[in-house]
Amino acid sequence: MTTVSETPGTSAIEEPPDTEAERAGDKHRLTALQGLAALSLDAMASVAYGPEAIVLVLAAAGGYGLGFTLPVTLAIAALLAVLVASYRQVIAAFPDGGGSYAAAKTHLGRRAGLVAAASLVLDYVLNVAVAVTAGVAALTSAFPELYGDRLWICLAVLVLITAVNLRGIVDSARVFIAPTAVFVLAILAMVAVGLFRDGPASTEAAEGHASVLASNATTVGALLLLKAFASGCSALTGVEAIANAVPSFRSPRVKRAQHAEVALGALLGIMLIGLSVLISRFGLQPVEGVTVLAQLADASLGHNWAFYVVQFATMILLALSANTSFGGLPVLMSLLARDNYLPHVFALKADRQVHRHGVLALAAAGALLLVFSGGDTNTLVPLFAIGVFIGFTLCQTAMVLHWRRTKQYAKAALNGFGAVLTGVSAVVVTATKFTEGAWLIVLALPAIVLSFEAVHRAYARIGERLGLGRIPEPPHRDHSLVIVPVSHLSQVTSEALNAAVSLGDEVRAVTVTYDDPDDRRATDALRRDWELWRPGVDLVELPSDTRTVGRPVAEYVQRIYRYHPGTRVTVLIPEAEPAHVWQRLLQNQRGSVLAHAVRRDTDAAICRLRFRLTDGPARPEA
């Protein structure tokens, strides 16, 4: 049996488990491999800028500082292992998705859960803008003549990714699995070849570019290493996406999501460590205008077609890494909507298991950021990755409490260590980038939490007014009156009265009259035709001094309520619906105007009866 529910935060229809239906829906869900392609692009693409972020910070200490690239990367890889292990457990503990939000809400309380959710929302929205601008920046570097049109190119890429995701997450995974595979294989090949070289095969990419090594090198202290660690942790963004989108996987979804999470951690760890080993092996120094990854490809593969394959694959994957946000944020928004922290429209799913309203909202927010930044990556980068560190820290802390309750102290210690590392990283990144724009995140995070609270309070008031959770009084029958507005006699009028007499105890037809010669003649004609027709329904004339149709009908309904307070009034509005969409432009839209006025000024029920004009027999439809 199907049960209809009106409770805010739940779906409109709750259906019992249906194995056959689940199997049919699985074709629109992800396998582990597809999940890796759809939800890990952000993390995979981070190898293009994660090692570079470490090198640029350590360059302040000169060539000696660059020697710490591998130790810092190994520390980040260790944190990655902790995060992957933690999110595997989060996936098992919260199979409905939500990741940091679900874990923090369960173990740290409602407010902590909202902070985690707000941090994820910020991270996902910023990831869309940063990913698209970074990919387009790589394109305009290869083709400088496109630089002036970079904003329009960014918006076009965003539209493309949005359109693919509106088709469903499986379709997006199928589209993006090829560029993901090409990028991963190219990076792994580059690392493998580089390990067998005694020196760089080529340095052509860096020739003629100034080094960014500091001339007055600082000492390598704990603060510098901590800053390098925090900057390199930008490579960890996207690790949480799979845990947020567990419902998007095929059954058994927990195992598939866990396999995808482990595969993501393994590939990302291997690539990060491999690239750092090459940086140390080739003695690479960062230069202006050339990425560290480009220099590594040049040194390992030579300045040939393989070099350009790596560059092109990087450019494509950077732009497409925005897809991680489209896979994770709509699911998170649906959970927030279920818990009454976002409008319930975000909980709705289309046939292809797509949260379309979440996808469109993310696209709109990303487009606004792109317009705000002018398509410039440097404007957005200072804002990036702060939110995800906050989410990491709250999730790790929540899992500490989870393990302590089950007396698994070794796992609790591991998550506690991860919480300390990510918490310190969040503080360091925020402090070092505060004046560069991170202050916007510090302001935006509590603002988003307050907006969640405002939505929740609104739903609470609505639930109180509706008496949700309480047993209502038994239904009883009141006298019902159906009012049918008419302006002339036609088949539409006849069908409307047929429907009205079937619905109510009493039916009245009403027509609005005006003190104008032409209108008086039309009213006289309607009155005469009505008397000839004799439908058994009274025709009530409503004189009006102004050329309006909605207000006189609404005032008539108000008079009925005033003199007959126990009457249930329904206004049935007949409308002709043309066979072709363009023909609707020929209509005067009086039905919409009338419905708006009655809805605004009265409590009457409104029924719009559409009389379809087709090539075959016409038929009414409510």
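Me: How far does helix α20 (residues 409-432) reach from its first C-alpha to its last?

Reply: Start by counting: α20 has 24 residues. The expected span of a helix is 1.5 Å times one less than its number of residues, and for α20 that expectation is 34 Å. The helix in the model comes close to that, with a reach of 34 Å.

Me: Before we go on, what kind of model is this?

Reply: Residues are numbered from 1 along each chain as its sequence is written, and side-chain values use heavy atoms, with hydrogens and water left out. Local features need pLDDT of at least 70, side-chain atom pairs count only at pLDDT 80 or more, and totals for chains, interfaces and linings use all residues, since this is a predicted model.

Me: OK, how many helices and strands does the protein have?

Reply: Both are DSSP runs numbered from the N terminus: helices are H or I with at least four residues, strands are E with at least two. Going by that, the protein has 25 helices and eight strands.

Me: Which helices do the buried residues of α20 pack against?

Reply: Buried means under 20% relative accessible area, exposed means over 50%, and partly exposed is in between (1.4 Å probe, protein chains only). In α20 the buried ones include Ala412, Asn415, Gly418 and Thr422. Counting contact as heavy atoms within 4.5 Å, the buried residues of α20 pack against α6 (69-93), α11 (222-232), α19 (386-405) and α21 (434-466).

Me: Are α13 and α14 roughly parallel or roughly perpendicular to each other?

Reply: Axes are lines fitted to C-alpha atoms, for helices over the stretch in contact, and angles run from 0 to 180 degrees between N-to-C directions. α13 and helix α14 (residues 292-301) pack at about 70 degrees, with axes 11 Å apart, through Leu275, Leu278 and Ile279 of α13 and Val292, Leu293 and Leu296 of α14. Under 35 degrees counts as roughly parallel, over 145 as roughly antiparallel, 65 to 115 as roughly perpendicular and the rest as oblique. So α13 and α14 are roughly perpendicular.

Me: Which side chain does the side chain of serine 276 make a polar contact with?

Reply: Serine 276 sits in helix α13 (residues 253-281) and is buried, with a relative accessible area of 0%. Leaving out residues up to four places away in sequence, serine 276 touches Thr69, Leu70 and Thr73. A polar contact is a pair of N or O atoms within 3.5 Å; within protein, one must be able to donate a hydrogen and the other to accept it, and residues adjacent in sequence count only if both atoms are side-chain atoms. At 2.6 Å, the partner is the side chain of threonine 73.

Me: Is glutamate 575 buried or exposed?

Reply: Glutamate 575 is in strand β6 (residues 568-577), and its side chain makes a polar contact with the side chain of arginine 608 (2.8 Å). Its relative accessible area is 13%, so glutamate 575 is buried.

Me: Where is lysine 407, with its positive phi?

Reply: Most residues other than glycine have a negative phi, and most peptide bonds are trans. Lysine 407 has a phi near 60 degrees and is exposed at 61% relative accessibility. Its place is the loop between α19 and α20.
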